[in-house]
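The following paragraphs lead through the structure shown here, one region at a time.

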Amino acid sequence: MEGAAELVAKTEKRFPDAVRLARVVSIASRIEPELLREARLQLLAPAVDAGAEADLWFSPLVQSTTPVAITLLPAVADLLRRQLAESPVALRRSWELLDQVHQDAPAAIRLEERVTWETLSRAAGSLQRVENELMSAVSAINEQNRLGLARWALRAVPRLPQEARETKAATTLVLTAAARLNAWHLLEKQIDSNTLASGFINELQVVLPADFPKVPVGVRLLEDVTSATASSSGGRRSYAIEFSAPPSAGVNEVIDVPGTAPLMIEVSWSDGATPDTKNVSLYQGRTETVAVGGSTTVTIRTAAGDVYTLSEDKERYVSASLNAPVSALDRIPRPPSIGYVRRYYMSKDIVERLTKELSPDVKRVVQIVGPAGIGKTTVAAEFARQLLDTYEQRVVWLSAAGRSDFNLNSLLDGIATQLSRPDIRTLDAKSKAREVRSLLRDDVALVVIDDFEIIGPKEQGLCFRFLKIDGSASAIVSRKPFGRSNSWKDVIRVEAMSPGEAFEFTKRTVIEGSVSGMFPKLTEQVFSVCEGNPLAMQLLLAQIESAADAIDGLKGMKKGPGDALTRVFDLAYTSPQLSEDARRALLALALFVPSASKLALAEVALPGGGDLDSPSTMAQLTKLKLASEIGDGSRLAVDGYIREALERRLFRASNFNELRQRFVGYFLRFAQHNSGPDARDYDLLESEFENLLDAMDLAEGLRSWEELTQLCIALVDFFDVRGYWDEALRRNAQAQRAARVSGQKDQLPTLYLASGYIYLKRREFTKAEAAFRRVLKHYAGQPANVDVAIATRRLGSLALQQENLKLAESFYSEALEISRQLKFQIGIADNIHNLAIVKQEQGNLDEARRLYQESVELSGSLNDDRSRAISLHQLGVIAMETGDYAEAEQFFRFSLSLKSKLQDRSGMADTLHQLGLLYEEQGKNKDAEAALREALGIFSQLGSPTANEVQEDLNSLLGVSTPAGPPVAVSVRRPSKAASKKGRATAPRTKSAGAGRKKMRPISSGRARPARKARRASAKVYR
């Protein structure tokens, strides 16, 4: 502060008016010319003239300058703000002006300025409002994955006034931002000085992603060398804990720690009356030691929530295994083994040009066009990799290779998934486009679509228009430019390699091989034969390298009819260096999109004969560059042109239909085997997503109707849980057509129920009712079965949504009777619960409570935690209605913990909403606001209309009038401990509808209850 004071004093001697102007705008996060002009005219004129604006703009008080704004040095801004705050009137006038000028500024800028103003004003409750503002940012980052807001937080918090920086909310905000952006090094100083509050590791656990990768750390308990002499003479022993990453030689005890940099660990022990805690930061390749005195039992906590106990005689470890996420880098095609060879367009380096022009502040679609094999994908992948840091890993890479069904929905789903918002996939088309548009606006990303020419003309137009109008910086890779004009400035053509580029390409390739001595001769001949096409050159050089005699390999490599790439590929495919098994495997590889596991390829291409892993097959495919290994080497993929060439040969092959049938059969078995309800099954299905869809299309082409319907049925729960709802409905319709054509009428009810369930969750009630009634019509005149029980129950839920209690009770009672006849226990529990809702609506709370408790007990005996959580929620509603608030909170918290464990986000939002209403009833407005904001965030993400009701409740709580139209966007608070990341595993398969929810009117129980204001009614959730 003394340095800042000296700098301000020196500047004030030369430019006193500039310092006066800086003081009145010091609250601003950024200072534009417009703000300077308005501040001078409204607050300082006529004493200060326009020259002060230029003096300030170029003064030493400024930290950074752009063409549109300046920022002050943080220490200078802090000093000037405090001087300004000495006059409350001057501070208020400055704030009112700033609020007016920056009314259209980004939300993050306004939040920072509002926090600064509240802190300096020192008004009643100002610090509490600061806490609320900062916690709203925490929740927005957590619940909406607002990475742009996280980047702002890391920049903004150090600029806030000291009182704001020292709040718990500010610490939590920095932790949250560091977790989302993997910027752990910013916390190193606080960790090393042990200035973070006790329990810091628990706060970090809340903000750390559940799938964050872990690394092993060695741990051992050592006797402190300095105490050895004392202990030998009867003195007291002292111990230390050694941590090493990677584990040091000889260390047997290893713990798993989230791989932050540095690694962060909390150590606690008791060496006397007072327990001690130490936060440790550990970098890879180092060792850290913590002295723990005479304690021989030490507790170690990690940010993943794992707790380890280390003692002198035993070690006990409790840990969870979580998979590392797929990074943006892993999605982008690997660079060539010889490295990237620079390519030029109009004498400019293409990658260098695109890395400059596709910056995060532009909205632009660049087309990279050129013939097959010319290197378009290689160029696009190179600049995408170079922009990873610029976009802070927000690079979306999509490919239409092998997917003739790629459409706008595929684009939206891909963007949502790769930007960590898979929940958007569940929305209808209009809502999905709106949410992805908002996602790209808030967290700008680079979007790349490869093989764009494969997409149908109509869908090409839709995708292109979305990227151009609603997207951010984008690139499409295609053989031909989209649109009428081929001379756009945003069309970059990748053409045949120049002699210089080909020289470098050939040089790098042959240096790795045995023909390096032939380099001068090779360069000229290969370039001539291949006409500068790099894929053709790669294939030709691989053949020459593999030939018994390289000189012989060059013979016959002359120009002929047709294009160079076709000639060279045909030569490679028919080469004697390729065994029959390898050729069969290569041919079958054309069926797989975008790649094939070696196991799947072997079963499809070489059933009962041949060995894909033998040198005669696998080694040949990769050595001749006809296929490449991807990932960990367990999968094979082919270039886009090679796939097309293989497809042409495959279509003419005598075993064409046999290969396709084996492909369909393999993936049907794969889908059925992995149709279980746990995350591992869903992950396996996700890894073969495109191949599974391709198998359904191939089955349709083969008229293998039974396989098609069975595939669809096997994927029902996967489509639902992972949010591929549009795909679920499209594939369901495809399977229904197959079932009707082939006379598989017994499969139709299952398909009707599946589609009706998706419509029900989307609240498209007319379509849902039609689907469920088709089930009843199908079984008309036949004995009741489970399908009839489920359809009847869901019709009851539709009636309940329409507040037709009599009809709902009739349907539920009928479904309950059918379930009891069939001994269908899950159906019994669900219908008892739903009948309880009807009784609750009718005001019979005692009967409703009895039924809910019966449902809870039955669901518990069936290990059905989702159903149990829903009934516990409703018991909380009953307790709340009867004024037993403590019991209500207990039920809600229990329900929330189960839903959090299952990652039932919709259910979590229901219970958080009710908790908010409960807290409001008790006058706990701070807790009520936190719960309502969190519920609003989840419902908004899911596109649920219930967001409107929560918004009304929140507005009522805050005393804000409810606006007409859609709800105002409100940032969400940090998740409660019940919704912490530790339980954020992939949700298991749901067995109950539970999608409909509607407010109930307050029910009078007759029990005396404190007088209260009118409040929003309680939610009811059916099963």
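Leucine 646 touches Phe569, Tyr573, Leu586, Leu587, Ala590 and Val638, leaving aside residues up to four places away in sequence. The model is a predicted one. Leu646 also belongs to the largest nonpolar core, which has 107 residues. Together with Phe569, Phe592 and Leu601, Leu646 is among the four that touch the most other members. Helix H30 (residues 656-673) gives this core its largest share, nine residues. Apart from this core lies another, of 49 residues, which includes Ile832, Met880, Leu896 and Met908. In soluble globular proteins, nonpolar side chains tend to be buried together.

Helix H36 covers residues 748-761. From the first C-alpha to the last, its 14 residues reach 20 Å, close to the 20 Å expected at 1.5 Å a residue. Is H36 enclosed by the rest of the structure or open? Twelve of its 14 residues are buried, so H36 is largely enclosed by the rest of the structure. The buried residues are Leu748, Pro749, Leu751, Tyr752, Leu753, Ala754, Ser755, Gly756, Tyr757, Ile758, Tyr759 and Leu760. Arginine 763 follows H36 and has a positive phi, near 65 degrees.

Helix H35 (residues 725-742) contains aspartate 726. With residues up to four places away in sequence not counted, Asp726 touches Asn409, Arg425, Leu427, Lys432 and Arg762. A related pairing in space is that of Asp726 with threonine 426: the two are 300 residues apart in sequence, and their C-alpha atoms are 7.3 Å apart.

How many cavities of 30 Å³ or more does a search of the whole structure find? The search finds three. The largest cavity holds about 90 Å³ of space. Its lining consists of Ser26, Ala28, Ser29, Ile31, Thr71, Leu72, Pro74, Ala77, Arg81, Glu112 and Arg159. By class, these residues divide into five nonpolar, three polar and three charged. Strand E2 (70-72) and helix H5 (74-85) each supply at least two residues of this lining, and the largest share, three residues, comes from H5.

The second largest cavity has a volume of about 40 Å³. Around it are Val24, Val25, Ile27, Ala28, Leu35, Ala39, Ser94, Leu97 and Leu98. Here the lining has eight nonpolar residues, one polar and no charged. Two or more lining residues are given by helix H3 (33-44) and by helix H6 (88-101). The largest share, three residues, comes from H6.

Alanine 47 is found in the loop between H3 and helix H4 (51-57). Is Ala47 buried or exposed? Its relative accessibility is 54%, so Ala47 counts as exposed, the cut-off being over 50%. Ala47 touches Asp17 and Arg20, again not counting residues up to four places away in sequence. Ala47 and Asp17 are 30 residues apart along the chain, and a distance of 8.6 Å separates their C-alpha atoms.

Terms used
Residues numbered from 1 in each chain as written. Predicted model: local features only at pLDDT ≥ 70, side-chain atom pairs only at ≥ 80, totals over all residues. Heavy atoms only, no water. Helix = DSSP H or I, 4+ residues; strand = E, 2+ residues; numbered from the N terminus. Contact = heavy atoms within 4.5 Å. Expected span 1.5 Å × (residues − 1). Buried < 20%, exposed > 50% of the residue type's maximum accessible area, 1.4 Å probe, protein only. Core = buried A, V, L, I, M, F, W, Y, C linked by side-chain atoms within 4.5 Å. 1 Å grid on protein atoms, 1.4 Å probe; cavity = no way out; pocket = protein on both sides within 12 Å on 5 of 7 lines; lining within 4 Å. Points joined across faces, edges and corners; volume = space filled by probe spheres on them. Nonpolar A, V, L, I, M, F, W, Y, C, P; charged D, E, K, R; others polar.
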